[in-house]
Amino acid sequence: MKSWEKNIRKVVPYVPGEQPDKPHMIKLNTNENPYPPAPGVMEALYAFDVDRLRLYPDPEAKPLVEALARKYGVDPEQVFVGVGSDDVLAMSFMTFFNSDRPILFPDITYSFYDVWAEEFRIPYEYVPLDAQFKIQKEDYYRENGGVVFPNPNAPTGELMPLADIADILRHNQDVIVIVDEAYIDFGGESALALLPEYENLLIVQTFSKSRSMAGIRIGYAIGSKELIRYLNDVKYSFNSYTMNQLTLSLGVAAVEDEAYFQETVHKIVTTRERVKEELRGLGFVCGDSRSNFLFVTHPRLSAEKLFEDLKSEDIYVRYFRKPERIKDYLRITVGTDEEMDKMLDFLRAYLYAGA
Ligand code: PMP
C-alpha cells in the first residue's frame with residue numbers, strides 16, 4: 001500500500017444490476033417499469049424551454065415538492081426530493097443515523113443499506129428474516145440507533161401489514177424509522193397514514209418503478225416538518241442543486257397524471273398475479289410478492305445456471321450470490337405480458353428438456 005492510501009476512505013461498492021443494451025433483449029433484472037412514462041411527460045419534454053438551462057434550478061425544487069405535497073395531502077414542508085431514492089436514502093442515513101448503537105435492518109434486503117452504513121461508519125446489525133422470508137416485528141423491539149427496511153421488502157417482495165409497522169414505531173420512538181416504499185404502489189398500504197402519530201417516521205418513495213422513470217432519477221421522502229428540515233440542512237451542506245430544471249418539469253407532469261399511473265400499476269399487478277400462478281404450475285416456489293418482481297426458486301434447478309442460461313437467450317433476470325440463504329433464488333421483474341410469455345415459454349422448454 002502506498003503511504004497516501006492509508007488516509008483514503010475505502011468502500012466495497014454496491015453493485016447495480018447490469019444495463020446491457022441489446023435490441024431484442026427481455027430486461028427483467030432491475031425492476032424497471034416496462035411501460036413508458038405518462039403521456040404528459042412527453043408533452044412537458046417538448047414544451048421545455050432550453051433557455052432555462054442557463055439558470056440554476058430552484059434549490060428548493062418547489063414545483064415538484066408542491067406537486068407531491070398535493071398528491072399525498074401533506075404540507076410541502078413535509079416533502080424532500082433527491083436524485084432517485086438512493087440519494088434520498090443516502091442523505092437520510094447521513095442525517096439520521098449518528099448513534100453509537102447499531103442501526104437495524106433485515107439480513108435479506110436492499111443490498112445498498114450495508115454499503116451506506118459502511119461508507120458513513122454507522123454501526124449496524126442484520127436482523128434475520130424468518131424461514132418464510134418475513135420480517136418479525138418483535139426482532140426490532142430492542143435498543144438501536146435507528147431502523148430501516150423496505151416495505152414490500154426487496155428482493156423477497158414480502159409485504160408487512162401496516163399494523164406491524166405501527167408496532168415497530170411504537171417500540172422505537174427514540175430513533176428514526178425509515179420505511180423504504182420503493183415498491184408500495186404495486187399492492188401495499190403506505191405508512192403515510194402513520195405520519196400524524198409518529199414524527200420519527202420517514203417514508204421514502206421513488207419515480208423509478210411505478211412511474212416508469214428510473215432514467216430521470218427522482219426519489220422523495222415524506223415525514224414530519226422537523227425531519228425534512230434536518231434532511232434539507234444536510235443536503236444544502238452538500239449540494240444545493242440536486243434536481244435539475246428538466247427533471248423538475250418532467251417530474252411534475254408525471255405526478256399530475258393519476259389516471260395513467262393507476263392504469264400501468266394495474267397492468268403490472270395483473271401480469272404479476274398471472275405469472276405467479278404459471279410459475280407455481282411449473283414447480284417454482286414463489287412467495288406472495290406485492291411488488292413489481294417475483295422471487296422464485298425451483299427444487300430441481302440451480303438458480304445460478306438458470307440465470308446464465310436465460311441470459312444466453314437475452315433474457316436478463318437478477319441473481320444474488322449472497323447471502324447464502326438466497327443463492328438458489330432468482331428475482332424476476334414483471335415485464336409486459338408478451339415478455340413474460342416469452343420467458344415462460346423458455347422455462348417450459350427448459351424444464352421439459354430436463355435441464
Ligand atoms: N430501495 C429499494 C428497496 C430498491 O430496490 C431500489 C432500486 N434499486 C431503490 C431503493 C433505489 O431506487 P431509485 O434510486 O431508482 O429510486
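These questions and answers concern a pocket, a strand pair and the cavities of a predicted model.

User: Which helix supplies the largest share of the lining of the second largest pocket?
Analyst: The second largest pocket has a volume of about 320 Å³. Of its 16 lining residues, those closest to the centre are Glu 60, Pro 76, Glu 77, Val 79 and Asn 232. Helix H2 (62-72), strand S2 (79-82) and helix H6 (225-236) each give at least two residues to the lining. The largest share, six residues, comes from H6.

User: Are the residues on both faces of strand S5 buried or exposed?
Analyst: Strand S5 covers residues 147-150. Val 147 and Phe 149 lie on one side, Val 148 and Pro 150 on the other, and all four are buried.

User: What is the handedness of the β-α-β crossover from S5 to S6?
Analyst: S5 runs parallel to strand S6 (residues 177-180), and four bridges join them. Val 148 stands opposite Ile 178 in S6. From S5 the chain passes through helix H5 (residues 162-170) to S6, and this crossover is right-handed.

User: How many charged residues are in the lining of the largest cavity?
Analyst: The largest cavity holds about 60 Å³ of space. Its lining includes Arg 211 and Asp 257, and helix H8 (residues 258-281) gives the largest share, three residues. By class, the lining has five nonpolar and three polar residues, and the charged ones number two.

User: Which strand and which helix give two or more residues to the lining of the second largest cavity?
Analyst: The second largest cavity has a volume of about 40 Å³. Among its lining residues are Val 296, Thr 297, Ala 303 and Leu 306. The elements that give two or more residues are strand S10 (293-297) and helix H9 (303-312).

How values were computed. Residues are numbered from 1 along each chain as its sequence is written. This is a predicted model: local features need pLDDT of at least 70, side-chain atom pairs count only at pLDDT 80 or more; totals for chains, interfaces and linings use all residues. Side-chain values use heavy atoms; hydrogens and water are left out. On a 1 Å grid over the protein atoms alone, a cavity is a set of points where a 1.4 Å probe fits but cannot get out, and a pocket is an open set with protein on both sides within 12 Å along at least five of seven lines; lining residues have an atom within 4 Å of a point. Grid points are joined across faces, edges and corners, and a volume is the space filled by probe spheres set on the points. Buried means under 20% relative accessible area, exposed over 50%, partly exposed in between (1.4 Å probe, protein chains only). Two strands pair if DSSP finds at least two bridges between them. A crossover is right-handed if, with the strands pointing away from the viewer, the path from the first strand over the helix to the second runs clockwise. Ala, Val, Leu, Ile, Met, Phe, Trp, Tyr, Cys and Pro count as nonpolar, Asp, Glu, Lys and Arg as charged, and the others, Gly among them, as polar.
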